[in-house]
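Dear colleague,

I am passing on the structure below, and I would be glad if you could look through it alongside the notes that follow.

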Amino acid sequence: MIRIANVSGFYGDRISAMREMLDGGPVDVITGDYLAELTMLILGRQKMADPSAGYARTFLKQAKECLADALERGVKIVVNAGGLNPAGLADAVRALGFPARVAHVEGDDLLPRAAELGLHGALTANAYLGGWGIASCLNAGADVVVTGRVTDASLVVGAAAAHHGWTPTDYDALAGATVAGHVIECGTQATGGNYAFFTEIPGAEHLGFPIAEVEADGSSVITKHPGAGGAVTVETVTAQLLYEIQGARYLGPDVTTHFDTIALTPDGPDRVRISGVQGSPPPPTVKVCVNTLDGFRNSATFVLTGLDIDAKAALVRRQLPGEDITWTLARTDREDADTEETASALLHATVRTPDPARAKAFSRAAVELALASYPGFTLTAPPSDGTPVGVYRPEYVPHTDVPHIAVHPDGTRTTIPWPPTPPVSAPSEHHQTAPTAPWGDGPAPVYSAPAGGEGVTGRLWTEGGEGRAGVDGGVRVAASGGTRRLPIGVVVGARSGDKGGDANLGVWVRDPNAYPWLVRELTVGRLKELLPEAGDVERDELPNLHALNFVLKGLLGQGVAASTRFDPQAKGLGEWFRSRHVDIPEELL
């Protein structure tokens, strides 16, 4: 067994986490995830201004404070903080002066070949590498491994593969490690952070970071250091498993992981065992994170107070015309309010334009209304001159087009072969779409369920799939007995997030006996009734987790950096869903 800890879920996470993990108890490997699609854009703009930049500098501060103790205790460190410049970060770690053997992984940066690969307009273009370069570096004696864009879970996969001596065709073990990596990659979200039932979490004021104890067969136990804040329960792990996934089949460069085979069981206080995970070969294409610049944006928020809210909003719209402006009126006001704030609504205006002068002129036009618009005119803050808009898009290239190179502590460069993949009919334009079956959106194979399960199909539901075919014929079935109209969050947990321009919404029932009701009640059509802003929706059943996963296609437009939504990363989508009222069978309450 190898104990793999996480100390970072994003660039900007708690600096002291590495120190807390080292001092809290024994671990073998410390991992840290610093990269997101938006982070790659930020690092890309930094690197444009300074070619020596492009990595997460906060990791250097953590290394300066903790590397000596990690070396003394034999703790390895594996992070993707290298961003767009893993070699530069590796050199910076060496420059700290510690006797550490530092290695790095490269090959993910496809920007120099973007035109050749059809990745047009790219500011950054980074392929998602797997864990075998990390494993190679660790097997070569590295104390610190710095990577660029590897998949978040591959930090754990690489460390576990090196420790247990796995091969690229040990699919079930790799899938198990991928699941463990997915659980701990977002740090304290596995110990109660952003958790639907947060009032039940002890020590929520300062949550501890998670640890995955990974066994030789890929099974694992998720836990935390004794005394650290938070909790590790089947539900906190379930919530994280549902975070930012797109279906029952989790495609990665190391393995295709079948989330509909995951079994979770309690294993003692703050310990949850993950077992039964099945894997299959990875797809023959590699996902590429492409960021582009797409014009400029600016925004202003007008405060509308008291009477005639709609008329005041209409006046501002007439005074600031333009088809390039998106308007959103948030009716946060209430009648006969006893405070000025609760008597006020917010009118948000966002301009998107290819012309930086237009973005700047928007600010002046908004400010010039100060004495010439509705009564009580005020803005929440003065508008800026506007900012560039970054747009993320996923692309796909054959893995033969992507080098995967481990640079060992002694400078030796080793090319990592890609895992074998079965033949597949690739799309006509390989960089435009993901491949079709067996990795696409068709019906998945049938797997045997773990003890206590009812069988798993992994069936994908799209708009029009209004129920369980052969069970209720597409019609929602009323439960026997009475019902009570209550927020669905009384019996259902949720976790949501962004996947480029799509939003992910995972929901689970607290009582497994409620799962058949959830499957019948929460069809695609019903979800769209509860969340009217949803457009195209896909649904997956995950019976082992008593959960459903929804992907709301295009809800976030061009993604977080370009989205004009109130919640551009869909972080609050799950809580909005939980607040909606439905008829819940009394027997489930």
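**Salt bridges and sheets**

Glu 200 is partly exposed, with a relative accessible area of 46%. Please keep in mind throughout that this is a predicted model. The side chain of Glu 200 meets that of Arg 510 in a salt bridge, at 2.8 Å from N to O, and this pair links distant parts of the chain, since Glu 200 sits in the loop between helix 8 and strand 7 while Arg 510 sits in the loop between strand 23 (502-509) and helix 12 (515-521), 310 residues apart. Arg 510 is likewise partly exposed, its relative accessible area being 31%.

Asp 270 and Lys 224 meet through their side chains at 3.6 Å, N to O; because Asp 270 lies in the loop between strand 11 and strand 12 and Lys 224 in strand 8, the pair ties together parts that are 46 residues apart in sequence. Of these two residues, Asp 270 counts as partly exposed at 26% relative accessibility, whereas Lys 224 counts as buried at 7%. In the other pair, Glu 395 forms a salt bridge with Arg 393, with the closest N and O atoms 2.6 Å apart; here Glu 395 is buried, with a relative accessible area of 3%, while Arg 393 counts as partly exposed at 25%.

Turning to the strands, 11 of them form an open sheet with mixed pairing, in the order 11-12-8-7-1-2-3-6-4-18-19. Strand 11 (263-266) and strand 19 (413-415) stand at its edges, each with a single partner strand, so one side of each is left without a neighbour in the sheet. Neighbouring strands of this sheet are turned against each other by 20 degrees on average, direction ignored. Helix 4 (residues 86-94) packs on the sheet, where it touches strand 4 (102-106) and strand 6 (144-147), and its direction makes about 175 degrees with that of strand 4. Helix 8 (residues 171-184) lies across several strands, among them strand 1 and strand 12 (272-275), and runs at about 170 degrees to strand 7.

Finally, strand 14 (residues 285-305) pairs in the antiparallel sense with strand 5 (residues 124-127) over four bridges. Strand 14 also runs antiparallel to strand 17 (residues 387-398), to which 11 bridges join it, and Cys 289 has Pro 394 as its bridge partner in strand 17.

Terms used. Residues are numbered from 1 along each chain as its sequence is written. This is a predicted model: local features need pLDDT of at least 70, side-chain atom pairs count only at pLDDT 80 or more; totals for chains, interfaces and linings use all residues. Side-chain values use heavy atoms; hydrogens and water are left out. Two strands pair if DSSP finds at least two bridges between them. Helices (H or I, at least four residues) and strands (E, at least two) are DSSP runs, numbered from the N terminus. Axes are lines fitted to C-alpha atoms, for helices over the stretch in contact, and angles run from 0 to 180 degrees between N-to-C directions. Contact means heavy atoms within 4.5 Å. A salt bridge is a side-chain nitrogen of Lys or Arg within 4 Å of a carboxyl oxygen of Asp or Glu. Buried means under 20% relative accessible area, exposed over 50%, partly exposed in between (1.4 Å probe, protein chains only).
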